[in-house]
Amino acid sequence: MPVELHERLSEFSYGYGVTREVERRLRRQGLRATPFLPSLLHEASLGFDVAFDRPGTPLLLQFKLGQAMRRFVPGPRPTLQQPFWRYHIDTAEPDGQFELLLKAEQDGADVFYLAPKFHDWEIYLDAFENRRIVQTSLILSPGEIRRTLDAGGVPDGAHKIVYDELRAYLCSEPLELASIRSSDLAGKLRARVESRKTPIGEVLEEVFEGFENRSAIRRPRAHGSSDDPDRAVYAIPSDQGRQPRLRRERLERILGTGRNREEAVALAVGAEAWSSGAQLIFVTEPPANDSTDMRR
C-alpha cells in the first residue's frame with residue numbers, strides 16, 4: 001500500500017523548512033531574501049524590507065506532498081529505484097495551480113515545485129536540524145513540465161510526477177524530466193539576478209498583469225477530458241469570470257491602506273500565490289550599505 005505523505009508529514013512544516021534553507025542559501029550568494037508574510041495584508045504598519053528598485057526576481061516555491069510507493073502499477077514502468085514517490089499535477093485546470101505558476105514563470109518569476117524524498121516526520125526533523133531538506137527534495141520547474149509534455153506530444157490533463165533519489169518522470173507514458181540539483185539552485189538565481197539587472201518591482205508588475213491573462217497559455221486538454229459539471233455547484237470565481245474583478249479589488253484595498261504601488265503589487269502577487277499554496281520570496285541584490293550577515 002502507498003504511504004500518504006500527508007499522514008506522515010506536515011506540508012506547513014516541510015514548506016517552512018524549505019523556505020528557511022533557501023533563504024540561507026541565497027544569503028550565501030550575496031542576495032537578500034525576504035519571504036512574503038500573509039500578516040502584511042492586515043497590518044499596514046509593518047515594514048516591508050524589500051528594495052523594489054534593486055535588481056531581483058520573485059521566487060515562487062510550490063510544495064508537493066504525494067505518496068511513497070513500493071510498486072509501480074499499471075505499466076509501462078519507468079526506471080526507478082526503491083524507495084520512490086509520486087504526486088499528482090493537473091496541467092489543464094483553468095486558473096489552476098499549474099497555470100498560475102507557469103504563467104508567472106513565463107512573465108519573469110523563478111518558479112519551482114519541491115517535493116520530499118522522504119516520508120516520515122522523524123526523517124524530516126533530522127533533515128531540518130542538519131539543514132538538508134532542500135538537498136533531499138526533488139526540484140522541478142513548471143516550464144520543464146510543459147517542455148516535456150511538448151516533446152512527448154502529450155496533451156494537458158491530469159498527470160503524475162514519479163521520482164526516486166536520482167530520476168524523475170512525467171507519467172502515464174514515462175517521460176524523463178530534468179530536475180534541478182539542490183546545490184545549483186541558489187547559484188542559478190544569483191546568475192539570473194546579475195544577468196537581467198531588472199528591478200524586482202518591474203518584474204512583479206509583469207507577473208501581476210500576467211495573472212489577468214492566464215488563458216493565453218492554455219492548450220487543448222487530453223482526449224476525453226472535459227469541464228467537470230459539478231464545479232458549477234461550488235460557485236468558483238474563476239469559472240464565473242469574477243476572478244479579474246476580485247484581483248483588482250484586492251489591489252485597491254491594499255493601496256487604500258497607504259501602501260505605495262510597488263508594495264501593493266508585491267503583496268497582491270504574494271497573496272494570490274499563497275492562496276494556491278506557494279511561498280513567494282523577494283530576491284534582490286542588497287543595497288551597497290547592506291550589513292546583512294551572509295553566513296547565517
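Okay, strand 6: 7 of its 7 residues are buried, where buried means under 20% relative accessible area with a 1.4 Å probe, protein chains only. Strands here are DSSP runs of E, at least two residues, and helices are runs of H or I, at least four, both numbered from the N terminus. Before I go on, this is a predicted model, so to speak: local features need pLDDT of at least 70, side-chain atom pairs count only at pLDDT 80 or more, and totals for chains, interfaces and linings use all residues. Residues are numbered from 1 along each chain as its sequence is written, and side-chain values use heavy atoms, with hydrogens and water left out.

Back to the strand. In a regular strand the side chains alternate between the two faces of the sheet. Here both faces are covered: Asp110, Phe112, Leu114 and Pro116 are buried on one side, and Val111, Tyr113 and Ala115 on the other.

Who sits beside strand 6? Two strands pair if DSSP finds at least two bridges between them. Strand 3, residues 56-63, runs parallel to strand 6 and is joined to it by 5 bridges; Phe63, for instance, has Leu114 as its bridge partner. Strand 7, residues 137-140, pairs with strand 6 in the antiparallel sense over 4 bridges, and there Ala115 stands opposite Leu138.

Now, there's also an open sheet of 6 strands, in the order 1-4-5-8-9-10, with antiparallel pairing. Its edge strands are strand 1 (3-4) and strand 10 (175-176), each pairing on one side only. Inside that order, strand 5 and strand 8 are joined by 6 bridges, with Ile89 partnered by His159.

On to the rings. How many aromatic pairs does a search of the whole structure find? It finds 9. Rings of Phe, Tyr and Trp (its six-membered ring) pair if their centres lie within 6.5 Å; planes under 30 degrees apart are stacked, over 60 edge-to-face, and the rest tilted. Take Tyr14 and Phe118: their centres are 6.2 Å apart and their planes at 70°, so that's edge-to-face. Tyr14 is in helix 2 (residues 11-28) and Phe118 in the loop between strand 6 and helix 4 (121-129), so the pair ties together parts 104 residues apart in sequence. Both residues are buried.

Then there's Tyr87 and Tyr163, with centres 6.3 Å apart and planes at 65°, so edge-to-face again. Tyr87 is in strand 5 and Tyr163 in strand 8, 76 residues apart.

Last one: ring pairs link Tyr14, Tyr16, Phe63, Phe118, Tyr124 and Phe128 into a cluster.

Methods. Buried < 20%, exposed > 50% of the residue type's maximum accessible area, 1.4 Å probe, protein only.
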